[in-house]
Amino acid sequence: MPSSLSGGKKPLKVAVIGAGIGGLTAGALLAHRGCQVTVFEQGAIAGGCASTFKRRGFTFDVGATQVAGLEPGGIHHRIFSELGIDLPAATPCDPACAVYLPGETTPIQVWRNPQKWAAERQQQFPGSEPFWQLLTTLFRASWGFQSRDPILPAQDPRDWWQLIQAIRPDTLVTVPFTLLTVGDALRLLGLGNERRLRTFLDLQLKLYSQVNAEETALLYAATALSLSQEPQGLFHLQGSMQVLSDRLIATLERDGGKLYLRSTVEGIVTEHGRVTGVKVRQPSTGKVWTETADCVIANLTVQNLAQLLGDASQNPPFKITSFIHQVEKLPPASGAFIVYLGVDQSAIPANCPPHLQFLYNYDGVIGENNSLFVSVSHPGDGRSPAGKATIIASSFVDVQPWWQTADYPSLKQQYTEQAIARLSEFFHLTPNTIVHQEAATPRTFARYTAREQGIVGGIGQRVANFGLFGISNRTPIQGLWLVGDSTHPGEGTAGVSYSALTVVRQIFNNLD
Ligand SMILES: Cc1cc2nc3c(=O)[nH]c(=O)nc-3n(C[C@H](O)[C@H](O)[C@H](O)COP(=O)(O)OP(=O)(O)OC[C@H]3O[C@@H](n4cnc5c(N)ncnc54)[C@H](O)[C@@H]3O)c2cc1C
C-alpha cells in the first residue's frame, strides 16, 4: 500500500465524473485500494454506452453488445479478480461475427477456433495468408507487451520507466511496423487490390477502430482482428450488458464508495494548477455544491473534458489552451444510428449467429445505413420474453447532419425505415413480427450519455492517434485524470477498463 494510504493517514479522496464502465472500474478499484470514492453520473442509470433500457418486456443493450477480456488473464477477468467478485455469466460468440459482403448470400464467418478461422479465411481470401501471418506475429508481440501494462502514451519519467519495463526482445518485431497502416501492409504484400479482403477488413476495423483499413494503424489492427479467437474471444453476457455496471457498483459500495445518479459535474475546481474538487449540480433538486477531492477522474470523451477545462479560467492558460488545441485538431469522430427491435422469434432465421455485419453497396461509404452491425438475442439470454427476441442494428453516421437538420423527426424516420428495409432482406420483419421498434441517433446519445454531439467509440485509431501518439490519461491539471474510450487502448468495455486500471496504477505510483 502506498505511504499516504498506510500508517493511519487520511485516505485519498477521489471524485469520479461519469459512471460509464471506465469511471465505475476506476472507482471500484480505488475504493478497494482504500480510497474514499464518490462517483457522479449525470444520467438516471449507470453504464453509459454499455447500459440498457427496457420496453414491453424486452431489454435492449444501448450500445455495446459483446464483451472482450473475460478469459483468464483478460482485462475484465483481472479486474474482477482484484475486486474479489465473480465475472458475470457469459457465452462465447462463435462465430464472433458473420459478415455478408454486397450481393453475397454466404457469410464470412469469424470463427472462435483459430484453425477453423484460418481455414475460413484461406477459402474466402485465397493468397492472403501472409497478411494474416503478419497480423498473428504482431499480435503475439503486442499482446505480450500490453499484458505487462505499459503506460501509453508515456508523459512522465515514471510512465516511461513502466513502459520500458514492458519491452522484451520480441516486442522489437513490432517496431518497423509502428508507422504503417493496414492499407500499407496490404500493398507491401501485393494484396492492395483484393477488393473482397479489403472490404471485409474495412467493415471489421470500422467497428473497432472507427476508421477503415487504409487509415487504421497496423499494430492496432493486429490486436483488434485477433481478439475474436481463442484463447481470447468475444462474449455475450447473460441478462444484459448492465450486469457489468451492476457488479462494479456493488463492489464500489461494498468498499465504502458512493454513486450519485442525476448529478452533473459542471466544473473542475483547481488551485495553483492542481485539482481540488468538482462543482456538481443535481437538476432534480436544484442543489449545487463543490465536492472537494485530492484527485479527480474524468470518464468523459476528451472533447467533453476540453469543454470543462475551457471553463477553468483560473488555470495556467498555456497548458490548458495547448490541450484544447490538440483536441480541436482531432479528426471528426463518428456517431451512431441504431434501431432497436423487439420481435417475434419467427422473425429470426434458424441458426442465426449472434452478430452479423452487412454491407449493401461496394460503392457507398461504410456506415450511414449502407452497412449494419446487427446483434441478435438468443432464447434464454434474459433479453426478451419467451418466444420473442431482440434485434439491434447500428451504423456509423456523421453527427453533423443530425444537429443541422431542420426536420429531425423526418430524418430519424427516414433512417429507421431504411434500416428496417435493409434488415428485412435477412430477417422476417412484418408489422406482425415487430412488437416494438425504436431508434437512437447522435442526439439521443448526446441526451442520455452527454457525449459531445453524441459522438461514440473514441478516437479513430490512426497512426497519428494510436499508442505513443494517443491521448494521455494525464491531463494539463495535476491530479485530474482522463479514462474512457478517448484514451489508450481505445473503445470497448475492455479498452476503457484497461484505461481505468492504468490510471489507478499511475495514481498509486505518484503516491509512492
Ligand atoms: C452502437 C455502439 C456499439 C458498441 N458496441 C460495442 C461492443 O459490442 N463491445 C464493446 O466492448 N464496446 C462497444 N461499444 C463501445 C463501448 O460501448 C464504449 O467504448 C464504452 O462503453 C465507453 O465507456 P466509457 O466509460 O469510456 O464512456 P461512457 O459509456 O460514455 O460513460 C461516460 C459516463 O459519463 C457520464 N457523464 C458524461 N458527462 C458527465 C458529467 N459532466 N457529469 C457526470 N456524468 C457525466 C455519462 O452519462 C456516461 O454514463 C459500442 C458503442 C456504441 C455506441
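Author: Let's start with a polar contact: a pair of N or O atoms within 3.5 Å. Keep that cut-off at hand, and remember that this is a predicted model.

Reader: Happy to. How far is the oxygen atom of the ligand from the polar backbone atom of Thr-449?

Author: The distance is 3.4 Å, from an oxygen atom of the ligand to a polar backbone atom of Thr-449. Side chains take part as well: an N or O atom in the side chain of Asn-299 is 2.9 Å from a ligand oxygen, and for the side chain of Asp-485 the distance to an oxygen atom of the ligand is 2.9 Å.

Reader: Let's turn to the shell, then. How many residues surround the ligand, and which are the closest?

Author: The ligand is surrounded by 35 residues, and the closest are Glu-41, Gln-42, Cys-49, Gln-66 and Arg-451. By type, the shell divides into 15 nonpolar, 16 polar and four charged residues.

Reader: Which helix gives the most to that shell?

Author: Helix 14 does, with three residues. Helix 14 spans 442-449, and at least two shell residues also come from each of helix 1 (21-32), strand 11 (264-271) and helix 15 (493-511). On the domain level, domain 1 (3-53 + 66-89 + 241-331 + 457-511) and domain 3 (334-453) each supply at least three residues of the shell.

Reader: Now a point about accessibility. Is Asp-381 buried or exposed?

Author: A residue is called buried when its relative accessible area is under 20%. Asp-381 has 0% relative accessibility, so Asp-381 counts as buried. You will find Asp-381 in the loop between strand 17 (371-376) and strand 18 (388-397).

Reader: What does the side chain of Asp-381 make a polar contact with?

Author: Its partner is the side chain of His-236, at 2.8 Å. Setting aside residues up to four places away in sequence, Asp-381 touches His-236, Leu-237, Gln-238 and Gly-239.

Reader: And how should I read the accessibility of Arg-274?

Author: Arg-274 has a relative accessible area of 32%, so Arg-274 is partly exposed. Arg-274 belongs to strand 12 (residues 274-282). Beyond its neighbours within four places in sequence, Arg-274 is in contact with Val-269, Asp-294, Ile-477, Gln-478 and Gly-479.

Reader: How far apart are Arg-274 and Asp-363 in sequence and in space?

Author: They are 89 residues apart in sequence, and 51 Å separates them in space, C-alpha to C-alpha.

Methods. Residues are numbered from 1 along each chain as its sequence is written. This is a predicted model: local features need pLDDT of at least 70, side-chain atom pairs count only at pLDDT 80 or more; totals for chains, interfaces and linings use all residues. Side-chain values use heavy atoms; hydrogens and water are left out. A residue is near a molecule or strand if one of its heavy atoms lies within 4 Å of it. A polar contact is a pair of N or O atoms within 3.5 Å; within protein, one must be able to donate a hydrogen and the other to accept it, and residues adjacent in sequence count only if both atoms are side-chain atoms. Helices (H or I, at least four residues) and strands (E, at least two) are DSSP runs, numbered from the N terminus. Ala, Val, Leu, Ile, Met, Phe, Trp, Tyr, Cys and Pro count as nonpolar, Asp, Glu, Lys and Arg as charged, and the others, Gly among them, as polar. Domain bounds come from an automatic or database domain assignment. Buried means under 20% relative accessible area, exposed over 50%, partly exposed in between (1.4 Å probe, protein chains only). Contact means heavy atoms within 4.5 Å.
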